[in-house]
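Biologist: Could you take me through this model and show me what stands behind each label?

Modeller: Gladly, please have a look at it and ask away.

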Amino acid sequence: MKKIEAIIKPFKLDEVREALSELGISGLTVTEVKGFGRQKGHTELYRGAEYVVDFLPKVKIEVVLSDEQVDTAIEGIIKAAHTGKIGDGKIFVSPVEHVVRIRTGETNDQAV
């Protein structure tokens, strides 16, 4: 099993969720986060004063999948989240050793 963490632009969330749903991936967790990479933030003007916004709003999507689903999920996320502009985001994949569904006690693949 693998855990996919995708950091994307907030306005792309619905497209990514729909793309994953079409691939048969139903469970995911979404968190509103802030951060920066090469984008390095930007400056804004508010009431005549200029200030720097270092951290940009992003959305983090977390999904735990079987090993067989990982490549198709990554492709789906890339297609749905891609704008071609800086700040499109990143995808991280890491191994998951053990999963337990609290309600039923099911473990690993049955719990996902």
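Biologist: Which residues does Val-16 touch, not counting residues up to four places away in sequence?

Modeller: Val-16 touches Ile-8, Ile-61, Ile-77, Ala-80 and Ala-81. Contact here means heavy atoms within 4.5 Å. Before we go on, this is a predicted model, in which local features need pLDDT of at least 70 and side-chain atom pairs count only at pLDDT 80 or more, while totals for chains, interfaces and linings use all residues. Residues are numbered from 1 along each chain as its sequence is written, and side-chain values use heavy atoms, with hydrogens and water left out.

Biologist: What makes a set of residues the largest nonpolar core, and which residues have the most contacts inside it?

Modeller: A nonpolar core is a set of buried Ala, Val, Leu, Ile, Met, Phe, Trp, Tyr and Cys residues joined through side-chain atoms within 4.5 Å. The largest one has 16 residues, and Ile-8, Val-16, Leu-20 and Ile-61 have the most contacts inside it. At least two residues come from each of β1, α1, β5 and α2, and α2 gives the most, with 5 residues. Those element names stand for DSSP runs numbered from the N terminus: helices (H or I, at least four residues) and strands (E, at least two). In soluble globular proteins, nonpolar side chains tend to be buried together.

Biologist: Why is the pair Glu-62 and Lys-3 called a salt bridge?

Modeller: The term asks for a side-chain nitrogen of Lys or Arg within 4 Å of a carboxyl oxygen of Asp or Glu. For Glu-62 and Lys-3 the closest N and O atoms are 2.9 Å apart, so the pair meets the definition. Glu-62 sits in strand β5 (residues 56-65) and Lys-3 in strand β1 (residues 2-8), 59 residues apart.

Biologist: Why is Glu-62 called buried, and why is Lys-3 called partly exposed?

Modeller: Buried means under 20% relative accessible area, exposed over 50%, and partly exposed in between (1.4 Å probe, protein chains only). Glu-62 has 17% relative accessibility, so Glu-62 counts as buried. Lys-3, at 26%, therefore counts as partly exposed.

Biologist: What about Lys-9 and Asp-88: are they buried or exposed?

Modeller: Both are buried. Their side chains meet in a salt bridge at 3.9 Å, N to O. The structure holds 5 salt bridges.

Biologist: What makes something a pocket, and how much space lies in the largest pocket?

Modeller: On a 1 Å grid over the protein atoms alone, a pocket is an open set of points where a 1.4 Å probe fits, with protein on both sides within 12 Å along at least five of seven lines; lining residues have an atom within 4 Å of a point. About 320 Å³ lies in the largest pocket, a volume being the space filled by probe spheres set on the points, which are joined across faces, edges and corners. Of its 14 lining residues, Phe-36, Gly-37, Gly-87, Gly-89 and Lys-90 are the closest to its centre. Strand β2 gives the most to this lining, with 3 residues.
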